[in-house]
Amino acid sequence: MKRVGLPHSFILVAMKTNATKQKVYELALQVAEDEGLELVSVDILGTGKRTILKVIVDKEGGVTVGDCEKMSRHLEAILDVEDPIKWPYVLEVSSPGLDTPLV
């Protein structure tokens with residue numbers, strides 16, 4: 001009998017990643033609000049040691065490098081305590097920029 005569909009392990013990893021992404025989104029949303037920023041998106045890209053946690057923020061008048069730095073430091077401190085991502089990752093905070101798709 002031929003199996004059709006995704007292996008169970010893939011589905012479990014996807015579910016775990018979605019739950020992790022939701023938790024990170026909630027934490028990032030609170031930090032963004034505290035910093036006077038709008039949270040545009042949160043993405044977890046890649047796996048294992050090559051994982052990038054990409055957080056995009058915006059505000060009226062545009063985001064500065066200082067805004068991204070404050071958001072990054074504040075979020076990093078909370079992520080270190082809450083520890084929702086159980087594997088190594090690189091945190092990247094940026095503005096939407098011209099090439100970012102509208103969400």
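Predicted model: local features only at pLDDT ≥ 70, side-chain atom pairs only at ≥ 80, totals over all residues.
Student: How do I tell what is buried or exposed?

Tutor: Buried means under 20% relative accessible area, exposed means over 50%, and partly exposed is in between (1.4 Å probe, protein chains only). In this chain of 103 residues, 26% are buried. For the surface, accessible areas come from the Shrake-Rupley method with a 1.4 Å probe, and for residues only the protein chains shown count as cover. The chain exposes about 7,400 Å², with carbon and sulfur atoms supplying 56% of that area.

Student: What do contacts say about how the chain folds back on itself?

Tutor: A contact means heavy atoms within 4.5 Å. Take the contacts with a separation of 6 or more: 57% of them join residues 24 or more positions apart. Leaving aside neighbours within four places in sequence, Thr 20 is in contact with Ile 44, Pro 84, Ile 85 and Trp 87. Thr 20 has a relative accessible area of 8%, so it counts as buried.

Student: Which residues have the most contacts inside the largest nonpolar core?

Tutor: A nonpolar core is a set of buried Ala, Val, Leu, Ile, Met, Phe, Trp, Tyr and Cys residues joined through side-chain atoms within 4.5 Å. The largest one has 19 residues, and those with the most contacts inside it are Leu 39, Val 42, Leu 53, Val 55, Val 57, Met 71 and Leu 75. Helix H1 (8–34), strand S1 (38–45), S2 and H2 are the elements that each give two or more residues to this core. H1 gives the most, with 5 residues. To explore one member, pick Leu 39: not counting residues up to four places away in sequence, its partners include Tyr 25, Leu 29, Val 55 and Val 57.

Student: Why do the buried residues of H2 line one face of the helix?

Tutor: An α-helix has 3.6 residues a turn, so residues three or four places apart point the same way. In H2, the buried residues are Asp 67, Cys 68, Met 71, Leu 75 and Leu 79. Seen down the axis of H2, they fall within an arc of 90° (taken from the directions from the helix axis to the C-beta atoms), so they line one face. On the other side, Val 65, Arg 73, Asp 80 and Val 81 are exposed.

Student: How far apart are the end C-alpha atoms of H2?

Tutor: The expected span of a helix is 1.5 Å times one less than its number of residues. With 18 residues, H2 should span 26 Å, and its end C-alpha atoms are 25 Å apart, which agrees.

Student: How many salt bridges does the structure hold?

Tutor: A salt bridge is a side-chain nitrogen of Lys or Arg within 4 Å of a carboxyl oxygen of Asp or Glu. The structure holds 6 of them. One of these joins Glu 92 and Lys 54, whose closest N and O atoms are 3.9 Å apart. This pair links distant parts of the chain, with Glu 92 in strand S3 (residues 89–94) and Lys 54 in strand S2 (residues 51–58), 38 residues apart. Glu 92 is partly exposed at 32% relative accessibility, and Lys 54 is partly exposed at 26%.

Technical notes
Residues numbered from 1 in each chain as written. Heavy atoms only, no water. Helix = DSSP H or I, 4+ residues; strand = E, 2+ residues; numbered from the N terminus.
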